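Dear colleague,

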Amino acid sequence: MTEPDFLGDLEKCELCEHRCGVNRLSGETGVCRVTMPTVASATLHPAPPESYTVFMAGCNYKCLNCQNWTISQYPDNGFRQRGYENPKELAEECLDSLNSLSAKLMGADRIFFSGGEPTIHLPYIEEVVGEARKINPGTKVNFDTNGYLTDESLKRVLVLTTSITYDLKAYNDEVHLALTGASSKPVLRNAEYIGRYAKEKLWEIRILVIPGINEDEIKPLTEFVAHIDPFLPVCFLVFRPNFVLENHPGASRSLMDKCVETARHSGLKNAYWSGNTDIPGIIGDRKSEIKGKYVSEHARLAGSYALYAGCQTHPRSCSACISNQTCRIKKYIPEIVA
Ligand code: SF4
Ligand code: SF4
């Protein structure tokens, strides 16, 4: 197949801050391991903002807690995805669905790109949105991101979108690296840019609360957001056991209440939480195996889970990892599924 012109960025891919520089069109792969843009699935989705959600396959992170791991760790864990879709046909599918009675009853009013991480497919998403706006110039778009974009990609996303849902996972770089494999620095930089210069586009900042791993991150994260603007909306999401953390306990109601209280102390005026609390589990006890590789106790716990699941480089850093093309985390199948 001849690759479409709009995919030129993939010839030297620097869409995200891993800045791999690989030629994805010729089959080279970077940290995300994705070559051509790939749709995982698409459906009407009732979670605010209500939408027709397009889940894109693949991610530039390898989060231990990923709830969409069958999609995000594409192409290495063998789960089937829809595949490459003609952008015009996908745009028509999205608009047809948004015009349906079900969408009207739900209140779905936009195309919502999620994943995985949509940034790694940005030129394709721009093309789909362009096609949708040729049909309906008022088409609304949400971009759901982990924030690990380059400056250049962020500016393109801001041109494209009506709304952004934005994940923060940790303030401390070591904890962020241990949990996701990537640094928190670009994520914080981009959050600050959106909060200062495009806050009208920010639907909400989302912070997944994982007991024993990022609960001490809530204070610095909420102080960071409040310093940008105390009225920015922050939603704390309840961790529920998933992927490598499949046996880790879910967040408790008291922990979620405490997060909101901490946010208010930090000066935030619009903080709340959502999700089902108190799913039982056991905190893993393998920290001694990884002693000396991490300074923070919480990063050490995350790192020890990663080690157990096959991560070979500690402290974790997927950009610098010599095993990032044979990463075992990307092939990890939770026991509950295996
Ligand atoms: S990880 Fe980021 S920079 Fe690297 S190939 Fe994937 S999208 Fe491109
Ligand atoms: S093995 Fe390497 S690429 Fe895989 S999660 Fe660990 S640091 Fe990242």
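The protein chain comprises ten helices and eight strands. Please note that this is a predicted model.

Overall dimensions. The C-alpha trace of the protein chain extends over about 55 × 45 × 35 Å along its principal axes. The radius of gyration of the protein chain is 19 Å, which agrees with the value near 20 Å that a compact globule of 338 residues would have.

Burial, contacts and surface. Of the 338 residues in the protein chain, 57% count as buried. When contacts between residues at least 6 apart in sequence are considered, 70% of them join residues at least 24 apart. The protein chain exposes about 14,300 Å², and 50% of this area is supplied by carbon and sulfur atoms.

Which residues are found around ligand 1? They are Cys13, Cys16, His18, Arg19, Cys20, Val22, Arg24, Gly30, Val31, Cys32 and Ile120. Sorted by class, this shell around ligand 1 holds seven nonpolar, two polar and two charged residues.

Surroundings of ligand 2. The residues that surround ligand 2 are Lys62, Cys311, Gln312, Thr313, Arg316, Ser317, Cys318, Cys321, Asn324, Cys327 and Ile329. The shell around ligand 2 divides into five nonpolar, four polar and two charged residues.

Yours sincerely

How values were computed
Residues numbered from 1 in each chain as written. Chains lettered and ligands numbered in written order. Predicted model: local features only at pLDDT ≥ 70, side-chain atom pairs only at ≥ 80, totals over all residues. Heavy atoms only, no water. Near = heavy atom within 4 Å. Nonpolar A, V, L, I, M, F, W, Y, C, P; charged D, E, K, R; others polar. Helix = DSSP H or I, 4+ residues; strand = E, 2+ residues; numbered from the N terminus. Rg over C-alpha atoms; globule rule 2.2 N^0.38 Å. Buried < 20%, exposed > 50% of the residue type's maximum accessible area, 1.4 Å probe, protein only. Contact = heavy atoms within 4.5 Å. Areas by Shrake-Rupley, 256 points an atom, 1.4 Å probe, with all protein chains shown as cover.
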